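Please look through the sequence and the model before reading on.

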Amino acid sequence: MSGVHNGRDVFEYALLKVVPRVERGEMINAGVVVYCRARSFVEARTHLDEARLLALDPSADVEGVRAALCAVEGICHGGAAAGQAAGDDAGRRFRWLIAPRSTIVQPGPVHTGLTADPAAEAERLLELLVR
């Protein structure tokens, strides 16, 4: 899925959703994970709107959600912060992060696009879809 078009590379991204009460299905967007194979780039940008989370569930574990979002960022960065995924390449870390799961922090569907700057794209998507 990599290629160059007018100086831009294919990238993939998924939203990170917080679903405080899975049985209710209500959620807020709390981050985005961006992967660009051509640049061996994977990065998560997160922002937790605590007031919105607590509006959905006043008993939500805010610190637990923050820790889960920080863990996603750590896995993207690789190294010791990635735990067992430390030795994996960017693509394997992205695929692991976007695997469906039934937890409070869940990945959304994967979308694609073209970008000349994956890091700037991550910030743009965070502003557009999360904040």
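Is Glu-50 buried, partly exposed or exposed? In this predicted model, Glu-50 is partly exposed, with a relative accessible area of 35%.

**The largest pocket**
- The largest pocket holds about 190 Å³ of space, and among the 15 residues that line it, Ala-68, Val-72, Arg-101, Thr-103 and Val-105 lie nearest its centre.
- Two or more lining residues come from each of helix H2 (62-77), helix H3 (90-98) and strand E5 (105-115), and H2 gives the largest share, with 6 residues.
- Sorted by class, the lining is made up of 11 nonpolar, 3 polar and 1 charged residues.

**Salt bridges**
- Side chains of opposite charge can pair when their charged atoms come close, and the structure holds 11 salt bridges.
- One of them joins the side chains of Arg-66 and Glu-50, at 3.2 Å from N to O, and this pair links distant parts of the chain, with Arg-66 in helix H2 and Glu-50 in helix H1, 16 residues apart.
- Arg-66 is partly exposed, with a relative accessible area of 30%.

- Glu-121 and Arg-124 meet in a salt bridge at 2.6 Å, N to O, and because they are 3 residues apart in helix H4, about one helical turn separates them.
- Glu-121 counts as buried at 10% relative accessibility, whereas Arg-124 counts as partly exposed at 44%.
- Arg-131 and Glu-127 also meet in a salt bridge, at 2.6 Å from N to O, and salt bridges with shared partners join Glu-43, Arg-45, Glu-123, Glu-127 and Arg-131 into one network.

Technical notes: Residues are numbered from 1 along each chain as its sequence is written. This is a predicted model: local features need pLDDT of at least 70, side-chain atom pairs count only at pLDDT 80 or more; totals for chains, interfaces and linings use all residues. Side-chain values use heavy atoms; hydrogens and water are left out. On a 1 Å grid over the protein atoms alone, a cavity is a set of points where a 1.4 Å probe fits but cannot get out, and a pocket is an open set with protein on both sides within 12 Å along at least five of seven lines; lining residues have an atom within 4 Å of a point. Grid points are joined across faces, edges and corners, and a volume is the space filled by probe spheres set on the points. Helices (H or I, at least four residues) and strands (E, at least two) are DSSP runs, numbered from the N terminus. Ala, Val, Leu, Ile, Met, Phe, Trp, Tyr, Cys and Pro count as nonpolar, Asp, Glu, Lys and Arg as charged, and the others, Gly among them, as polar. A salt bridge is a side-chain nitrogen of Lys or Arg within 4 Å of a carboxyl oxygen of Asp or Glu. Buried means under 20% relative accessible area, exposed over 50%, partly exposed in between (1.4 Å probe, protein chains only).
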